[in-house]
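Subject: The structure to look at

Hi,

Here is the structure I promised to send over. Have a look at it first, and then read on for what I found.

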Amino acid sequence: MSGESSESVADRIERELETLILTGEYSPGSRINENALAVRFGVSRAPVREACRLLQRAGLVHIVPNQGSFVRDHSLLEIVDLFDVRSCLGRLGGELATAAITRAGLKDMSDLIAAMDEASAASDAERYIGLNIAFHSTLYAATGNTRLASLDSQMGKEMRIYRRHGLEFGGGLAVSNVEHRAILAAMERGDRETAGMELEKHIRNGRDRFIRAMSATGQLVLKDTTAGKSGRKRA
């Protein structure tokens, strides 16, 4: 650790903790044990606390005064809202990417689709999710709009711990990849409008798959996120 600034230590712990959250080692709503993490990573509690603050700004952690830090537990309504916002930005992303993407970028996306086919056939959801992230990242990188790419990435992280519910339900992996092909086909034709529409539709379809999966598994519950304010529960 010598020679490493406190800021860089916090950044490193942020990345490590983010990975633990996104891979499910820390589940939504679980308390983050700062002492245990400090021991695990061989640091003091200070950079762990700072990492939690950074992840709170990223929407992955919720800090409760005098109680500690917890993995953000989104309500169903919050997740659906994220899908809706992300889908609208997806239309813009598809249009911009189509106008600017190179042949090499299109080849990369095609290769990722082929790899996702393999993951789907093997029912390897974890590999599919990683490839899916790479597919969308490649598309957004092609837009040249770093702010748009950053927004999509941040929302994707907030949704990632819930996404597998929709992807693994009812053949969702294969269906999702059919939609990827439609996006790529429009981009290869240079059809900006259709590419944007297909990406928006893909994200909205992901939202609907998620809702169906949660309903089928008995988890379709809208938590009361307004309790203590109005006393009104959401139905």
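Let's begin with the strands. β1 and strand β3 (residues 68–71) run antiparallel to each other and are joined by two bridges. Across that pairing, Arg 31 sits opposite Phe 70 in β3. Please keep in mind throughout that this is a predicted model.

β3 has a partner in β2 as well: these two pair in the antiparallel sense over four bridges. Here Ile 63 faces Ser 69 in β3. Put together, the strands form an open sheet of three, in the order β1-β3-β2, with antiparallel pairing. That leaves β1 (31–32) and β2 (61–64) as the edge strands, each pairing on one side only.

Something also lies against the sheet. Helix α3 (residues 45–57) packs on it and touches β1, β2 and β3, and the direction of α3 makes about 120° with that of β2.

The turn from β2 into β3 is worth a look on your screen. This hairpin has three residues between the strands, and Asn 66 takes a positive phi near 65° there. Gln 67 is also in the loop between β2 and β3. Is Gln 67 buried, exposed or partly exposed? Its relative accessibility is 49%, so Gln 67 counts as partly exposed, since the exposed class begins over 50%. Although Gln 67 and Arg 31 are 36 residues apart along the chain, their C-alpha atoms are separated by 9.1 Å.

Now to the helices around α3. Two packed helices are described by the angle between their axes and the distance between the axes. For helix α2 (residues 34–41) and α3, the angle is about 115° and the axes are 9 Å apart. That angle makes α2 roughly perpendicular to α3. The contact is formed by Glu 34, Asn 35, Leu 37 and Ala 38 from α2, together with Arg 45, Val 48, Arg 49 and Cys 52 from α3. As for handedness, α2 passes α3 in a right-handed crossing.

How far apart are the end C-alpha atoms of helix α4 (residues 76–100)? At 1.5 Å a residue, its 25 residues should span 36 Å, and the end C-alpha atoms are 35 Å apart, so the two values agree.

Gly 105 belongs to helix α5 (residues 103–121). With a relative accessibility of 10%, Gly 105 counts as buried, because the limit for that class is under 20%. Gly 105 and Thr 138 are 33 residues apart in sequence, yet their C-alpha atoms are 7.1 Å apart in space.

Finally, the overall picture. The protein has nine helices and three strands, and along the sequence these follow the pattern α-β-α-α-β-β-α-α-α-α-α-α. Of the 235 residues, 44% are buried. Among contacts with a separation of 6 or more, 70% come from residues 24 or more positions apart.

Happy to go through any of this with you on screen.

Best wishes

Definitions and conventions. Residues numbered from 1 in each chain as written. Predicted model: local features only at pLDDT ≥ 70, side-chain atom pairs only at ≥ 80, totals over all residues. Heavy atoms only, no water. Expected span 1.5 Å × (residues − 1). Buried < 20%, exposed > 50% of the residue type's maximum accessible area, 1.4 Å probe, protein only. Pairing = 2+ DSSP bridges. Contact = heavy atoms within 4.5 Å. Axes fitted to C-alpha atoms, helices over the stretch in contact; angles between N-to-C directions. Parallel < 35°, antiparallel > 145°, perpendicular 65-115°, else oblique. Left-handed = near helix turned anticlockwise from the far one by under 90°.
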